[in-house]
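Here are some notes to go with your first look at this model. Keep the sequence and the 3D view open side by side as you read.

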Amino acid sequence: MRMNLQNGSSSQPLNGVYPSGTLNAEDQVEFGRKENSKQEDADAEGYMSDRYLNETLRFPPDETDRGVMTKERPHLPRPPLLPKPSEQSSLGTRASNEEKLRRRKLRTSQDSLTDPTGTGSSTDSLQDEKSGHSLLNSIFALQDRQASLGNDQNSSTELLLRKSRNISSSHSDPGKRSSCHTLPLKGDTQHQIIMSSKTKLSPLQHPGSLPPVGVNMASTSLRTANRIDQDCVDYAVIGKRGYERQHSSLSEYRLLDSMVSDNTSLSSMKSTLSVLNPIRPKDVRNRSFLEGSVLGHGALLGAEELDRYFPDRRVGIYIATWNMQGKKELPANLDDLLLPADSEFAQDIYFIGVQEGCSDRREWEIRLQETLGPYYVMLYAAAHGVLYLTVFIRRDLIWFCSEVEHATVTTRIISQIKTKGALGIGFTFFGTSFLFITSHFTSGDSKVYERILDYNKIIEALALPRDLPDTNPYRSSSSDVTTRFDEVFWFGDFNFRLNEDRTGVESILKQDLGSDMSRLLQYDQLSKEMKDGSIFKGFEEAPIQFLPTYKFDIGCDTYDSTAKQRTPSYTDRVLYRSRQKDDIKVMKYACCPTIKTSDHRPVYAVFQVKVRPGRDNIPLGAGQFDRNLYLEGIRRRITRELQRKEALKNQKNSVVCSVS
């Protein structure tokens with residue numbers, strides 16, 4: 001060691017540390033090595049306990065359980081002090097550990113050693129304090145990697161920790177200053193520790209190709225007739241298309257053979273909010289729901305609510321007309337009429353108009369409720385003599401209907417005789433106004449003019465709407481009720497005949513017509529008058545592809561075989577009119593040949609009608625419906641199913657077994 005003899009005095013260490021600037025670089029390195037060997041004995045006891053606590057805090061509990069280290073709790077006694085290893089063994093271990101570090105450096109050259117603090121030193125020009133912190137962080141990172149490789153490498157980490165204690169102790173005292181160059185480490189080891197502070201990012205791995213998106217050709221519209229509650233235990237998935245109601249004692253009867261649910265319906269069922277819009281207390285406190293705009297946020301009948309139930313903004317409407325001929329007995333089953341087997345979906349709203357209805361109107365309405373089941377409630381029912389008009393709607397749509405109004409017109413000379421005339425029902429659904437008219441015109445093959453007079457009297461005298469707001473008053477006329485509503489449906493027994501004798505019509509019927517009825521319709525009185533513009537101005541009719549519905553022998557498929565020999569005709573019709581073009585789409589127009597209790601066959605039509613959002617000033621119906629009728633219809637439905645089950649059970653028990 002070279003001594004600095006300036007000022008004639010030897011430089012002695014002050015408290016074991018030379019003052020700054022008294023030794024050159026070589027002397028400082030040699031002095032550091034000797035001082036380090038002297039401090040190893042003094043630091044052995046404190047280092048073991050500190051290392052133990054450090055390892056306990058840095059390693060996760062799962063590695064401790066696998067035997068990486070023994071985790072002690074703070075309240076337990078400290079482990080006994082280990083004897084100081086000999087200098088020779090320490091040097092040999094140090095050399096072997098340095099060799100392992102070199103080999104490991106080659107194997108993990110592409111791995112990243114991340115600085116825990118998020119920063120690291122990349123050059124030697126940084127200040128001493130930053131270099132010390134970077135070195136400590138590198139040692140800790142290296143310690144973590146060594147712990148994951150095994151206990152055989154802990155000795156190398158111990159060596160680095162002992163050297164780091166000297167740096168940390170020197171930084172903790174402002175009067176002492178040390179440099180990273182005074183660490184008594186070999187060149188490669190020191191270079192590895194310093195370089196490890198540089199953050200190396202591993203290359204990003206491509207996540208791979210995404211799963212293929214399935215192509216679904218199902219309808220994207222949210223059909224309210226298809227939505228099924230997942231919480232119901234009596235539904236089971238069938239295939240990949242939809243749901244079918246399982247059989248149970250109270251609800252085994254199905255509306256359709258299968259109920260299909262598309263992707264949009266499934267998404268709606270999985271939604272946390274379903275179709276309900278959350279209501280804020282602020283809105284309940286301050287907002288007046290008696291006024292609002294069509295596009296207003298949260299409007300009860302606005303665009304948001306409409307899009308939840310009808311994303312395509314079209315509602316399914318079913319209309320049926322039937323002249324019952326005043327028969328008291330009713331068909332045993334109305335399923336073929338209201339729920340045709342070839343229909344894919346049940347509709348949202350049902351309108352059933354009857355002419356010459358049965359004497360027990362209440363019984364007729366109960367039978368309708370029994371057939372439609374618990375999915376539907378009777379929104380409204382009105383009568384004008386023997387003219388009946390009944391409205392059924394899905395339960396979850398009843399809140400979007402306005403108050404229902406009805407009006408009647410008698411076309412007989414004596415007003416007390418109500419066998420001929422019209423019955424109209426009007427209401428608003430969301431922001432679209434509807435008018436449904438069922439009528440019975442004057443009968444007779446040659447009384448075309450009288451039927452035109454009936455039509456003109458009805459459109460002038462039918463007093464609708466009364467309290468409901470007109471959705472488009474600029475296009476309304478006081479002399480025509482059909483102009484005061486957005487969508488108008490007129491159906492009934494119009495009594496228009498075929499201008500051909502019985503022999504000529506029968507000869508055409510004997511031919512193989514298929515679905516082309518143009519040979520018969522060329523003699524149709526109604527089609528001719530509509531083309532001339534003398535009746536049903538602005539109305540349309542779907543193409544007729546069924547046989548004449550009048551006049552049959554009761555219970556038979558034979559046309560009138562009595563002495564009168566009436567000509568088969570299309571007396572029962574369904575017409576429609578809309579303010580906007582293409583608002584109404586005809587899905588089906590047919591008759592029901594299986595119901596034969598009258599001389600008329602029922603005729604029905606299915607429509608898809610465009611619905612627009614409405615304002616909150618529409619007087620709502622408040623969800624009113626005939627509760628007693630609903631309960632009676634469901635009770636009969638349950639009783640019918642129980643009787644059917646009992647009959648099947650008795651049939652199985654009555655099988656006779658013979659023993660040979």
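1. A word on ground rules. This is a predicted model, where local features need pLDDT of at least 70 and side-chain atom pairs count only at pLDDT 80 or more, while totals for chains, interfaces and linings use all residues. Residues are numbered from 1 along each chain as its sequence is written, and side-chain values use heavy atoms, with hydrogens and water left out.

2. Start with helix H11, residues 361–372. Helices here are DSSP runs of H or I with at least four residues, strands are runs of E with at least two, and both are numbered from the N terminus. From first C-alpha to last, H11 reaches 17 Å, close to the 16 Å expected (1.5 Å times one less than its number of residues).

3. Nine of the twelve residues of H11 are buried, so the helix is largely enclosed by the rest of the structure. Buried means under 20% relative accessible area, exposed over 50%, and partly exposed in between, using a 1.4 Å probe and protein chains only. Among the buried ones are Trp364, Arg367 and Leu372.

4. Now look at the ends of H11. At its start, a side-chain oxygen of Asp360 comes within 3.4 Å of the backbone nitrogen of Arg362. After the helix comes Gly373, with a positive phi near 80°.

5. Cys591 is buried at 19% relative accessible area, whereas Cys556 is partly exposed at 35%.

Methods. Polar contact = N/O pair within 3.5 Å; in protein donor to acceptor, adjacent residues only side chain to side chain.
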